[in-house]
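Welcome, and thanks for taking a look at this one.

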Amino acid sequence: MVGPERIVVVTGASRGAGKGIALALGETGAKVYVTGRTRNEGDAPLPGTVFATAEEITRRGGQGVPVVLDHGDDAQVETFFEGLRDEHGRLDILVNNALAVPDGLTDKGPFWEKPLTLLDLLDVGMRSSYVASYYAAPLLVADGGGLVVNTSSFGGTCYMHGPAYGAGKAAVDKMAHDMAVDFRPWNVAVVSIWMGLLMTERTLAGFTANPGAYDGLAATAESPEFTGRVIDALARDPELMNRTGRVLIGAEIARELGVEDTRGQRPPSHRPFLGDPPVFSDAVID
């Protein structure tokens, strides 16, 4: 994972957390495949495209490869990973970050007063993480070592944006645990990382529309690149396999591994306020 050309896939990286993660990993000199649906500026309400992310990776010293891909279409995902197999025959890091963010997600009120389309995040989010991991698996095990990261949040255990969001995050957390069992014989680690409040394009738009919405949190927010720096440190950590199958709080792992955010700060963990990650049983029933 730290060889002369690290091969990385970051899903949902046109903007937001995915873009930040891709940029941070690209800065290590990696070849980063950036997947997402946004081909041109204006195709989405928020700025960002897979091409812009890939170009920035290359400017920073990596090799960015844009891949226009709908993670709601399994056939497109399969075709992409088949091409990756033909080109490289391996994969070092897969970051499952693609997530549908339906309108109404952060609206106040009970779930039955919100649009039923909130369930879209169980397709592009929960299901897409499974599908990408499924097609990436033969590439991850090819070299006898690799890392899969599911991006997640404290919404996996606390009430956050309602039951659809919570179910999706809890699912990718448990998926990381269970996939780790299957991957362990090949020395491939799987973790879920809880991110804090990120200063993404969406968050900044929210600040503009409702300045009081995140009172007191802006000063401690994480940059979109912070989680990418954490992932890089994890991939280099000799104790990585001791962490496999766990739900990790990004801010806590950063402190443990000496990772700083882009301005030299170390964001705080929100564990005291939002709660602990789940601890899963060690029992294995085939």
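**Briefing on the predicted model**

Lys31 sits in strand S2, which covers residues 31–36. Please keep in mind that this is a predicted model.

**Lys31 and its surroundings**
- Lys31 counts as buried because its relative accessible area is 7%, and the cut-off for buried is under 20%.
- The side chains of Lys31 and Glu87 are joined by a polar contact of 2.9 Å.
- Leaving aside residues up to four places away in sequence, Lys31 touches Glu5, Arg6, Ile7, Val8, Gln63, Val65, Glu87 and His88.

**Nonpolar cores**
- The largest nonpolar core has 31 residues, and those touching the most other members are Val10, Val32, Leu147, Val230, Ile231 and Leu234.
- Helix H7 (residues 226–236) gives this core its largest share, six residues.
- Val230 is in contact with Ile193, Gly250, Ile253, Ala254 and Val259, again not counting residues up to four places away in sequence.
- A second, separate core holds 26 residues, among them Val131, Ala176, Met179 and Phe183.

**The second largest pocket**
- This pocket has a volume of about 400 Å³.
- Its lining is made up of 20 residues, and His177, Thr244, Gly245, Arg246 and Val247 lie nearest the centre.
- Helix H5 (163–183), strand S7 (247–249) and helix H8 (250–257) each contribute at least two residues to the lining.
- By class, the lining residues of the second largest pocket are eleven nonpolar, four polar and five charged.

How values were computed
Residues numbered from 1 in each chain as written. Predicted model: local features only at pLDDT ≥ 70, side-chain atom pairs only at ≥ 80, totals over all residues. Heavy atoms only, no water. Helix = DSSP H or I, 4+ residues; strand = E, 2+ residues; numbered from the N terminus. Buried < 20%, exposed > 50% of the residue type's maximum accessible area, 1.4 Å probe, protein only. Polar contact = N/O pair within 3.5 Å; in protein donor to acceptor, adjacent residues only side chain to side chain. Contact = heavy atoms within 4.5 Å. Core = buried A, V, L, I, M, F, W, Y, C linked by side-chain atoms within 4.5 Å. 1 Å grid on protein atoms, 1.4 Å probe; cavity = no way out; pocket = protein on both sides within 12 Å on 5 of 7 lines; lining within 4 Å. Points joined across faces, edges and corners; volume = space filled by probe spheres on them. Nonpolar A, V, L, I, M, F, W, Y, C, P; charged D, E, K, R; others polar.
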